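Please look at the structure below before reading on.

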Amino acid sequence: MKQSGILPIIAIIIVAAVGAGGMATVVAADAAKPGDLLFPLDTAVENFRLNLTTSPVAEVELRTKFAAERVAEVEALLQDKGVEAPGLDVALANLTAHKA
């Protein structure tokens, strides 16, 4: 095979690897909590998803899902610090009930 014929194949492999790495970063960012390095990426992806939403009902569902994630993240941060916050359980339960 000629060397010039292999360059497009190498370019495709590099683009695929970079794309896969980017997707892996976005997936990892979804588990980020406030204060984590990837948390701004998590919220940016959420805002991007909201901007793509055309249905008001779908937008409310997404906003409710994201709000439930924030409550769960705050609850996890407080538990890490040994702080009890029973009201957050109620808030999370209410948000989760409205998602269904």
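## Where α2 meets α3

F39, D42, T43, E46, R49 and L50 in α2 meet E59, L62, R63, K65, F66, E69, R70 and E73 in α3. Contact here means heavy atoms within 4.5 Å. By class, this contact has four nonpolar, one polar and nine charged residues. Ala, Val, Leu, Ile, Met, Phe, Trp, Tyr, Cys and Pro count as nonpolar, Asp, Glu, Lys and Arg as charged, and the others, Gly among them, as polar.

The model is predicted: local features need pLDDT of at least 70 and side-chain atom pairs pLDDT 80 or more, while totals for chains, interfaces and linings use all residues. Residues are numbered from 1 along each chain as its sequence is written, and side-chain values use heavy atoms, with hydrogens and water left out.

## How the two helices cross

Two packed helices are described by the angle between their axes and the distance between the axes. Helix α2 covers residues 39-52 and helix α3 residues 56-80; their axes come within 10 Å and cross at roughly 165°. Axes are lines fitted to C-alpha atoms, for helices over the stretch in contact, and angles run from 0 to 180 degrees between N-to-C directions.

α2 and α3 are therefore roughly antiparallel to each other (angles over 145 degrees count as roughly antiparallel, under 35 as roughly parallel, 65 to 115 as roughly perpendicular and the rest as oblique). The crossing of α2 past α3 is left-handed, a term used if the near helix is turned anticlockwise from the far one by less than a right angle.

Buried means under 20% relative accessible area, exposed over 50% and partly exposed in between, with a 1.4 Å probe and protein chains only.

Apart from neighbours within four places in sequence, E46 is in contact with F66, E69 and R70. From E46 to D30 the C-alpha distance is 9.1 Å, and the two are 16 residues apart in sequence.

## The whole chain

The protein chain has four helices and zero strands (DSSP runs numbered from the N terminus: helices are H or I with at least four residues, strands E with at least two). Of its 100 residues, 17% count as buried.
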